[in-house]
Amino acid sequence: MSSPSPFSRLGSGEATRIATAPQAAASAAPPRSRRGGVALWVVAVLLVPLLALLVRYFTGFLGTAASFIGLLLAAIPFVIVWFAVRAIDRWEPEPRRLLVFAVAWGAIASIVIALGVDLVVTLVTGGVPPALSAVVQAPIVEELAKGLGVLLIFAFARRAFDGPVDGIVYGALIGAGFALTENVQYFAISYLEGGPAQVASTFFLRAVLSPFAHVMFTCLTGFAFGLAARRGLGAGAALRYGIPGVIGAIVLHALWNGSATFFDFFELYAALQVPLFLLFILGILALRREETRLTRARLGEYAAAGWFTPQEVDMLATGPGRRSAVAWSRTLPGDRSTVMKTFITDATALAAARQRSLSGRDPHAPATERYLLERTMAARAALLGP
């Protein structure tokens, strides 16, 4: 028997015993955390006037035409990153509203914080040297601003923050949002200063060579908070993980900026940045494998109680198994692939709820388990029925 992964270490929670028969009556949907939901909605509402300020800033200083061109070009790498992150998130998808919030925080709040700090530093000191700003000020301010977004999601949407993969998804989208707005500025300035030729050069550097730069930086912060979530820690205790994660993001960000400021960018890009990106990909693949292992382990507990067959657990806990199941369901009368996808989604969410119950961090986890178990069994009955 393999030893437990350090990424799956549980907290002090004691999960409820798995029943061996259905409940007499259907369970109601578990209540949402009103405090967390309201807090994030308040923050989201506050982002609206900040967005208006950003639009005014870009159109006022760069002009409407240049800003629009910058936005169109910046959307290209953002869309690429969005679909890449959604592929990472495909196993146990996060709520769409939180994904949108992550992008909005990165694209609006983090940028406003960075611009605000830059303005204050300029007013107080008269401006710092460009090299110092690029290698010290920008990495510290920007990664703290982006990391604050990860902390907000961790603190107020804990039931949707289960582990390292979730943290990477949220951190990646915050970084993607930040890069989106930052690229609008870079592309617009390039257009104003050098026309299409300079825009093409800037686009190659930022959209072709480094579309995942900010994504990688903030992923370190998200990964760190994801470890804290897996261990069932509260927001305060999670800072023991989050702060080293932010520091790692700052160091990586400073190294990236320094390669363009003090060294030959292309040489360091090939010698260091490309290997780091490959390690980043391998790390995500390893975490995805860990996520599937946890799904198998938690659903295996339900199989031991008679709710699933071992063959169903094998199907639900592997990518090829899921694809084969969806393909098979299309051959059933009426094409039941939609029902099969619901079965897979609810079973995966059931495993995640079981994990939260074991960690002791979610008091609603047992109710969520009962609710999702009934949904999963209903989907299974619909699949196998006449």
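Q: How many aromatic pairs does the count come to here?
A: The model is a predicted one, and the count comes to 13 aromatic pairs.

Q: What is the geometry of the Phe-217 and Trp-256 rings?
A: The ring centres of Phe-217 and Trp-256 are 6.5 Å apart and the planes stand at 65 degrees, so this pair is edge-to-face. An angle over 60 degrees is what places a pair in that class.

Q: Where do Phe-217 and Trp-256 sit in the chain?
A: Phe-217 belongs to helix 6 (residues 213-230) and Trp-256 to helix 7. The two residues are 39 residues apart, and their pairing links distant parts of the chain.

Q: And is Phe-217 buried or exposed?
A: Phe-217 is buried, because its relative accessible area is 2%. Trp-256 also counts as buried, at 14% relative accessibility. The cut-off for buried is under 20%.

Q: Which residues form one aromatic cluster?
A: The cluster consists of Phe-154, Phe-161, Tyr-170 and Phe-225.

Q: Staying with helix 7 for a moment, where does Gly-248 lie?
A: Gly-248 is a residue of helix 7, which covers residues 235-261. With a relative accessibility of 25%, Gly-248 counts as partly exposed.

Q: How far apart are Gly-248 and Ala-224 in space?
A: Their C-alpha atoms are 9.7 Å apart, while the separation in sequence is 24 residues.

Q: Changing topic: how many salt bridges does the structure hold?
A: The structure holds 11 salt bridges. In general, side chains of opposite charge can pair when their charged atoms come close.

Q: Which residue forms a salt bridge with Asp-89?
A: The partner of Asp-89 is Arg-86, and the closest N and O atoms of the two are 3.2 Å apart.

Q: Is Asp-89 buried or exposed?
A: Asp-89 counts as buried, at 3% relative accessibility. Arg-86, in contrast, is partly exposed, with a relative accessible area of 23%.

Q: What about Asp-162 and Arg-356, how do their side chains meet?
A: The side chains of Asp-162 and Arg-356 form a salt bridge with an N to O distance of 3.3 Å. Asp-162 is in the loop between helix 4 (130-156) and helix 5, and Arg-356 is in helix 11 (residues 337-359), so the pair ties together parts that are 194 residues apart in sequence. Both residues, Asp-162 and Arg-356, are buried.

Q: Where do Arg-354 and Glu-369 lie?
A: Arg-354 is part of helix 11 and Glu-369 part of helix 12 (residues 365-384), so their pairing ties together parts that are 15 residues apart in sequence. The contact is a salt bridge between the side chains, at 3.3 Å from N to O. Arg-354 and Glu-369 are both buried.

Q: Which residues do the salt bridges that share partners join into one network?
A: The network contains Arg-298, Glu-301, Arg-354 and Glu-369.

Q: On to helix packing. At what angle do helix 2 and helix 5 pack?
A: Helix 2 (residues 64-88) and helix 5 (residues 164-208) pack at about 150 degrees, and their axes are 7 Å apart. That angle makes helix 2 roughly antiparallel to helix 5, because angles over 145 degrees fall in that class. The crossing of these two helices is right-handed.

Q: What residues, by class, make up the contact of helix 2 with helix 5?
A: The contact has 27 nonpolar residues, four polar residues and no charged residues.

Q: How far apart are the axes of helix 5 and helix 8?
A: The axes of helix 5 and helix 8 (residues 265-304) are 14 Å apart, and the packing angle is about 150 degrees. Helix 5 is therefore roughly antiparallel to helix 8.

Q: Is the crossing of helix 5 and helix 8 left-handed or right-handed?
A: Helix 5 passes helix 8 in a left-handed crossing.

Q: In which helix is Phe-178 found?
A: Phe-178 is found in helix 5, and it counts as buried at 1% relative accessibility. The C-alpha atoms of Phe-178 and Thr-64 are separated by 20 Å, and these residues are 114 residues apart along the chain.

Q: Last one: what is phi of Asp-335?
A: Phi of Asp-335 is near 55 degrees, which is a positive value in a residue other than glycine. Asp-335 lies in the loop between helix 10 (319-329) and helix 11. At 41% relative accessibility, Asp-335 counts as partly exposed.

Conventions: Residues are numbered from 1 along each chain as its sequence is written. This is a predicted model: local features need pLDDT of at least 70, side-chain atom pairs count only at pLDDT 80 or more; totals for chains, interfaces and linings use all residues. Side-chain values use heavy atoms; hydrogens and water are left out. Helices (H or I, at least four residues) and strands (E, at least two) are DSSP runs, numbered from the N terminus. Buried means under 20% relative accessible area, exposed over 50%, partly exposed in between (1.4 Å probe, protein chains only). Axes are lines fitted to C-alpha atoms, for helices over the stretch in contact, and angles run from 0 to 180 degrees between N-to-C directions. Angles under 35 degrees count as roughly parallel, over 145 as roughly antiparallel, 65 to 115 as roughly perpendicular and the rest as oblique. A crossing is left-handed if the near helix is turned anticlockwise from the far one by less than a right angle, and right-handed if clockwise. Ala, Val, Leu, Ile, Met, Phe, Trp, Tyr, Cys and Pro count as nonpolar, Asp, Glu, Lys and Arg as charged, and the others, Gly among them, as polar. A salt bridge is a side-chain nitrogen of Lys or Arg within 4 Å of a carboxyl oxygen of Asp or Glu. Rings of Phe, Tyr and Trp (its six-membered ring) pair if their centres lie within 6.5 Å; planes under 30 degrees apart count as stacked, over 60 as edge-to-face and the rest as tilted.
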